[in-house]
2 protein chains.
Amino acid sequence: MFKLKTTDEKCKARRGELETPHGTIQTPVFMNVATCGAIKGGLSSEDLEEIGCQVMLSNTYHLHLRPGDKLVYDMGGLQKFTGWKGPTLTDSGGFQVFSLSGLRKIKEEGVYFSSHIDGKRIFMGPEESMQIQSHLASTIAMAFDECIENPAEYNYTKRSCERTVRWLERCRAEMDRLNAHPDTINKGQMLFGINQGSTYEDLRIEHMKAIREIPCDGYAIGGLAVGESAEEMYRIIDAVEPYMPTDKPRYLMGVGTPQNILEAVYRGVDFFDCVMPSRNARHGNVFTWNGKMNLCNEKYARDARPIDENCNCPACRHHSRSYIRHLIKAKEALGMMLAVSHNLYFYNELMRKIREALDGGYFYSFYQKYHNLLAERNPD
Amino acid sequence: MFKLKTTDEKCKARRGELETPHGTIQTPVFMNVATCGAIKGGLSSEDLEEIGCQVMLSNTYHLHLRPGDKLVYDMGGLQKFTGWKGPTLTDSGGFQVFSLSGLRKIKEEGVYFSSHIDGKRIFMGPEESMQIQSHLASTIAMAFDECIENPAEYNYTKRSCERTVRWLERCRAEMDRLNAHPDTINKGQMLFGINQGSTYEDLRIEHMKAIREIPCDGYAIGGLAVGESAEEMYRIIDAVEPYMPTDKPRYLMGVGTPQNILEAVYRGVDFFDCVMPSRNARHGNVFTWNGKMNLCNEKYARDARPIDENCNCPACRHHSRSYIRHLIKAKEALGMMLAVSHNLYFYNELMRKIREALDGGYFYSFYQKYHNLLAERNPD
């Protein structure tokens, strides 16, 4: 059940709560990406609690291939398997099928593709995706859709969107069947539908109107941050948002920079996820309230300060820029681990401050203060 | 100051305490290897406290090349740089100069070699090694020696040992000079001499007799576990131990398996270090009181038990064999991190139990119970 608590007076930003079988999610929220059931960089489920994570996101495609969703089911589902006690979300596998696997063939029934691990031929359609996610027993399952790269051809996008609507109907029916099945671990598994339509406003709106007729626990905007500019992304959110149900959470998939997130909250989005915090950490890029800094820069070699003097993350509480820089340059696992901790903490903290601003009625001034400060530049 | 508390009645095992400027070390002790100033696998200084580490060991050669000992000095020494608050030990750089670097040339004054990172020509002699370790400000510095691979030629070994004695005299003089210097961070830095002599008992004894005349805070047996069998190693310890001062700690460098350690404690050794816990972890090999097990084995795929049901390490308290196995197979950093945590905890716990047995006067029966159980085999 989603409860919309407040909407900002000067923009579309929303403060809400999603009750789930695994706990209540305070929105806006950033979901921490644990692709294969663990955060890249070596953070454990206990570390996730410490850095303020609310929702752990895992990838259906990866877990289906390894260790196998049946194994995760046998071990009691994602929560028991990983030790993460809060809500989880699994994507549908669709995005990875289209971006990672080779030799794919899309048909009405689903997608034939080959595993990026061993090349094995695999079929995945809406029913298979729901079955796998039911095995994983995530709190929220995502609908199986086709994620098209931008730019995309208009007519292809239109036909693909129509098929995605039919796929969502099949997802809904299959999830209902699974949730009623006695062997299912999480019988209250939620389903989010996904809006597509590339950068065509009319297709986006038409598709949103169609999928909102299929009862889901939330609706996502998919197929953005896949090649188009940030301005195009904001234009599409602005176009489609008025057609999204207000009483359901909205999830902007795979987005983005701190600035992107603030802009999307401003436009009425509630859920986010992105690999940016961990991917940036690998290269020594860490986020601060004054923008991004690269620790590999020579000027931090003897800098005894923490990454961010106002940050309370495990890296900033105990370690210096100098030490973390050394570890990253020496390719020590601890360097990556500390940088990922910091970046995820920063994202979770950004969302907490956004919620606080919404609760306190000052989101618009918060937005005005930070939407440029958060843009990429090198502080100090 | 080393205080010998008890010696076992039936064997040479010793229970002692080494007071240092950075805290008291309870012996026998296993030192946890943080080559570049961080444990391989991503454990932080806070994690080290949790797994019962007493001494962190870092490598002079690695830190000299990266980030540079001058940088560590500028940051206040190893403790401040890494955040590890307990005692530290640095090796002399000698072992790595001989095992890692290319194109080395040994002369009376020291060793000319090229960096394994960028090929740069570097010179290191006894004075340079002491200066670097003084910069690092470790609690215990190791003497600069030549570590010869086994088997070694008799006459070469004899000449090398004679040079190593002359090098120790130079180390002692330089360390005294540095400890009296106003700019030195740790003015109470300790120095351990190193016994060499390959597998020749007469050379080992002759060398030990020579170096014990040079006042050191402890004496190490070096040049073992470098190609010879475990039996040869035990034979050499048995031969040289009667010539080691009883009022100084003894350190068997780079050793070894849990069984090796128990056998060496039995023979009168107090200090140990080894990369085995982390190197094994990388391949899914974890230590238990019933021997080593390989988590990659298919039979653990659905095993919900912790690695060791009687273990209280962070990995065993929170995670299953099944999950850790999956992470290691998927090459997730967390898998390595958990396996290293477990293995180091196991080593630290082994030493704690050895000390407890010595304190309780039942070490000999402890030794009899475990010296075969700890041998390598696959439990369950």
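## Exercises on a two-chain model

In chain A, 28 residues of domain 1 are in contact with 24 residues of domain 2. Keep in mind that this is a predicted model. Let's work through it.

**Exercise 1. Find out which helix gives the largest share of the side of domain 1 of chain A that touches domain 2 of chain A.**

Step 1: In chain A, domain 1 covers 2–274 and domain 2 covers 290–373. Their C-alpha centres lie 27 Å apart.

Step 2: Go back to the contact, with its 28 residues from domain 1 of chain A and 24 from domain 2 of chain A. On the domain 1 side, strand 4 (29–33), helix 1 and helix 10 (258–266) of chain A each supply at least two residues.

**Exercise 2. Work out which helix of chain A gives the most to the side that touches chain B.**

Step 1: Size up the contact: 34 residues of chain A meet 35 residues of chain B.

Step 2: List the elements of chain A that give two or more residues to its side. They are helix 1 (45–50), helix 3 (69–74), helix 4 (77–82), helix 13 (321–329) and helix 14 (333–360).

Step 3: Helix 13 of chain A comes out on top, giving 5 residues. Chain A's side as a whole divides into 16 nonpolar, 11 polar and 7 charged residues.

**Exercise 3. Decide how helix 13 and helix 14 of chain B are oriented to each other.**

Step 1: Take the angle. Helix 13 (residues 321–329) and helix 14 (residues 333–360) of chain B pack at about 125°, their axes 7 Å apart.

Step 2: Roughly perpendicular stops at 115 degrees and roughly antiparallel needs over 145, so helix 13 and helix 14 of chain B count as oblique to each other. Their crossing is left-handed.

Step 3: See who meets whom. I324(B), L327(B) and I328(B) of helix 13 meet L334(B), G335(B), M336(B), L338(B) and A339(B) of helix 14. That makes 7 nonpolar residues, 1 polar and no charged.

**Exercise 4. Explain why strand 1 and strand 3 of chain B each have one side without a neighbour in the sheet.**

Step 1: In chain B, 3 strands form an open sheet in the order 1-2-3, with antiparallel pairing.

Step 2: Strand 1 (2–7) and strand 3 (23–27) of chain B are at the edges with a single partner strand each, so one side of each has no neighbour in the sheet.

Step 3: Zoom in on one pair. Strand 2 (residues 14–20) of chain B is joined to strand 3 of chain B by 5 bridges. L18(B), for one, has I25(B) in strand 3 as its bridge partner.

How values were computed: Residues are numbered from 1 along each chain as its sequence is written. Chains are lettered from A and ligands numbered from 1 in the order in which they are written. This is a predicted model: local features need pLDDT of at least 70, side-chain atom pairs count only at pLDDT 80 or more; totals for chains, interfaces and linings use all residues. Two strands pair if DSSP finds at least two bridges between them. Helices (H or I, at least four residues) and strands (E, at least two) are DSSP runs, numbered from the N terminus. Axes are lines fitted to C-alpha atoms, for helices over the stretch in contact, and angles run from 0 to 180 degrees between N-to-C directions. Angles under 35 degrees count as roughly parallel, over 145 as roughly antiparallel, 65 to 115 as roughly perpendicular and the rest as oblique. A crossing is left-handed if the near helix is turned anticlockwise from the far one by less than a right angle, and right-handed if clockwise. Two residues are in contact if their C-beta atoms, placed from the backbone, lie within 7 Å. Ala, Val, Leu, Ile, Met, Phe, Trp, Tyr, Cys and Pro count as nonpolar, Asp, Glu, Lys and Arg as charged, and the others, Gly among them, as polar. Domain bounds come from an automatic or database domain assignment.
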